Amino acid sequence: MILNTCVRGSMRGNLRSGLALVAAVTALASTACASTERADGPPSVVATTTMIADFVREVGGDRVEVVSIMRPGIDVHHFEPTPADLERLRTATLVVRNGIDLEPWLDDAVKASGSKAQVVTATNGVTIRGARAHNHGGETTTTPLTPGSVPAPAMKKDDHDHDHDHDHDHDHEAGPTTTSTGAATATTATSTEKDDHDHGEHDPHVWHDVRYAMIMVGNVHDALVAADPDGARTYTANRDRYLAELEVLDREIETAIRGLADRRFVTNHEALAYYADRYGLDAIGSIIPSFDSSAELSAADVSRLVSTLKDNDVRVIFAEQSLPARTAEVIAREAGCRIVSGEDALYSDALGPAGSPGATYVGMMRHNTRVIVEALSGVGTGAR
């Protein structure tokens, strides 16, 4: 059972007024100095998230310059762009976003910056989870994101039989394109496409399913090839190498989770539902009962969660690197659970800084899996 209470806060009004001021500052700065826009050549890429930036680095290699607007270790749900971010957008040739309403500020930021960059949605081709969708013990609702969505590359049926094939009734200008491996259909959405979907009540954390990360990598590849045809051979070779690495990663995680007897867990906010769906874990609830970590938590929510943890004999609460663990620690004490925090906290919305276990996407997924398996197996101090 997953808690069904969801309180979402909207920051759009504040963002738009803030962006108007930021745009004015950027315009003045641009007038005062010479243009820094790049000449024709390999793309300068702005990624909205650290995970996407890592995908771009893996596929683009030395041919691209990539910067992530969101920084390592931050909570993406609280992000607001700065004048420096608008300048990065202004001079970019390609902007790659997650989509699914993870970056509600981006369209206004691109407009305010005066950017001419192509905007690509990395999650096109992924079937997203609907609001309050459940992976175990409840009805799962999903919403198709693009036409032609299919299971991610090298997807195979697992013991939990999660079917990701859905019909699609929406037409987009861009049609599906199949990668050279023939394993996935990935559609690139540019800023000229009309997006009629409101994903405010859908789970954007798709990267925690490695197979969906592989679709995102395919979309990054296609966008780089379109922006820089001369680099196509390099991009394709890098993509194929990285997809092979991700296939190994997916099997490693599946194998590690398979032996767990206790699969029940709770996190700070509902960020690991795709991970639970893919690898057969039982996400009982979350400290913040929402996809959005900025949602407020009431006293009733706390009481309800403590009761749920006790009723389901949940033994572990996992804190997240990008969120404070204080509330989780209080609930853990009241429910008699073990809390995993500090250096062992999970990476959810962002990668870690350089040198940390979660500095790359592969490192993040291996860290999370190790911590989850050890905690649910009763390894370490405080286990019960």
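Over residues 290-294 the pLDDT stays under 50, and the model has 33 contacts for this stretch beyond four places in sequence. Keep in mind as you look around that this is a predicted model. Where pLDDT is low, the predicted coordinates should not be read in detail.

**Confidence**
- The protein has a mean pLDDT of 74, with 64% of its residues at 70 or more.

**Alanine 271**
- You will find alanine 271 in the loop that links strand E9 (264-269) to helix H7 (273-279).
- Is alanine 271 buried or exposed? Its relative accessible area is 0%, which is under 20%, so alanine 271 counts as buried.
- Leaving aside residues up to four places away in sequence, alanine 271 touches His205, His208, Glu320, Ser348 and Asp349.
- Proline 204 lies 67 residues from alanine 271 in sequence, yet their C-alpha atoms are 8.3 Å apart in space.

**Helices H6 and H10**
- Helix H6 (residues 232-258) and helix H10 (residues 361-376) have axes that come within 10 Å and cross at roughly 5°.
- That angle is under 35 degrees, so H6 and H10 are roughly parallel to each other.
- On the H6 side, the contact is made by Tyr242, Glu245, Leu246, Leu249, Glu252, Ile253, Ala256 and Ile257.
- H10 contributes Tyr361, Val362, Met365, Arg366, Thr369, Ile372 and Val373.
- Sorted by class, this contact of H6 with H10 has 11 nonpolar, one polar and three charged residues.

Note on methods:
Residues are numbered from 1 along each chain as its sequence is written. This is a predicted model: local features need pLDDT of at least 70, side-chain atom pairs count only at pLDDT 80 or more; totals for chains, interfaces and linings use all residues. Side-chain values use heavy atoms; hydrogens and water are left out. pLDDT is the predictor's confidence in each residue, from 0 to 100. Contact means heavy atoms within 4.5 Å. Helices (H or I, at least four residues) and strands (E, at least two) are DSSP runs, numbered from the N terminus. Buried means under 20% relative accessible area, exposed over 50%, partly exposed in between (1.4 Å probe, protein chains only). Axes are lines fitted to C-alpha atoms, for helices over the stretch in contact, and angles run from 0 to 180 degrees between N-to-C directions. Angles under 35 degrees count as roughly parallel, over 145 as roughly antiparallel, 65 to 115 as roughly perpendicular and the rest as oblique. Ala, Val, Leu, Ile, Met, Phe, Trp, Tyr, Cys and Pro count as nonpolar, Asp, Glu, Lys and Arg as charged, and the others, Gly among them, as polar.
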